[in-house]
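I opened the model and kept a notebook of what I looked up. The entries follow in the order I made them.

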Amino acid sequence: LVGRLSMDKIKAIIIDDEPKVSKSLEIQLEMHFPEVEIVSIARSVKEGVDMILVYKPDLVFLDIVMPGESGFELFNYFKKIEFEIIFVTSYSEYALNAIKVSALAYLLKPVEINELKEALDLVILRKGQKDAYKNYQVLVENMKKNVPGEQTIAISNHGELVFVKINDI
């Protein structure tokens, strides 16, 4: 994967009602993609929403057909989706809907390792772009400030950017 040595872990949640499928995906990720850390596995959309609010993941692996609510209903719980979504499903007919909700990838079960690698490469690329944009925003804000001591610097702390006033260092 791109940037494997230099990047922070990608926090991920799996939302799937089938325990065997979740476990299989978790094992694949542990064996082949150490940069991905599964922080939670949820069995329903509602449980997944709760886990997203707690863990604030970078990535959600989301099944579509589940009892109660479909994976697409996850979007109703958030005003803004601030994590990447990879759909993992047995049904190819939902691919168009996945594109409409800006899913990063659409993988069919059983998940092929090469397709998983391609999807994770996209996650890493987009995460790098987001981090670079945040750094750019800080630079622009610092350039606007003429007040000594009000300038901030972005410091990476466990995979997240923390903004600290230069005078506080």
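**Entry 1: Aromatic rings**

I began with two phenylalanines, Phe78 and Phe83, and found both of them buried. I kept in mind that this is a predicted model. The ring centres of Phe78 and Phe83 are 5.6 Å apart and the planes stand at 80°; an angle over 60° counts as edge-to-face, so that is what I called this pair.

Next I looked up Phe87 and Tyr106. Their rings form a tilted pair, with 6.3 Å from centre to centre and 50° between the planes. I noted that this pair links distant parts of the chain, since Phe87 sits in strand E4 and Tyr106 in strand E5, 19 residues apart. Is each of these two residues buried or exposed? Phe87 has 0% relative accessibility and counts as buried. Tyr106 has a relative accessible area of 21%, and I wrote it down as partly exposed; the cut-off for buried is under 20%.

I then asked which residues the ring pairs link into a cluster. They are Phe72, Phe75, Phe87, Tyr91, Tyr94 and Tyr106. The count of aromatic pairs came to six.

**Entry 2: Strands E4 and E5**

I followed Phe87 and Tyr106 into their strands. E4 and E5 run parallel and are joined by four bridges. Tyr106 is the bridge partner of Phe87 in E5. Together with helix H3, residues 95–100, the two strands E4 and E5 make a right-handed β-α-β unit.

In soluble globular proteins, nonpolar side chains tend to be buried together. I looked for such a group here. The largest nonpolar core has 21 residues, and those with the most contacts inside it are Leu29, Val36, Leu59, Phe61, Ile86, Leu116 and Leu120. Seven elements are listed in my notes as giving two or more residues to this core: strands E1 (10–15), E2 (36–42), E3 (59–62), E4 (84–89) and E5 (105–108), with helices H1 (19–32) and H4 (113–144). H4 gives the most, with five residues.

Another core of 20 residues lies apart from it, and among its members are Val45, Phe72, Ile85 and Ala98.

**Entry 3: Helix H2**

Just after H2, Lys56 takes a positive phi of about 45°.

**Entry 4: One serine**

Last, I looked up Ser22, which lies in helix H1. Its relative accessible area is 1%, so I recorded Ser22 as buried. Not counting residues up to four places away in sequence, Ser22 touches Ile14, Asp16, Ile41 and Arg43.

Definitions and conventions: Residues numbered from 1 in each chain as written. Predicted model: local features only at pLDDT ≥ 70, side-chain atom pairs only at ≥ 80, totals over all residues. Heavy atoms only, no water. Core = buried A, V, L, I, M, F, W, Y, C linked by side-chain atoms within 4.5 Å. Buried < 20%, exposed > 50% of the residue type's maximum accessible area, 1.4 Å probe, protein only. Phe/Tyr/Trp six-rings, centres within 6.5 Å; stacked < 30°, edge-to-face > 60°. Pairing = 2+ DSSP bridges. Right-handed = clockwise from strand over helix to strand, strands pointing away. Contact = heavy atoms within 4.5 Å.
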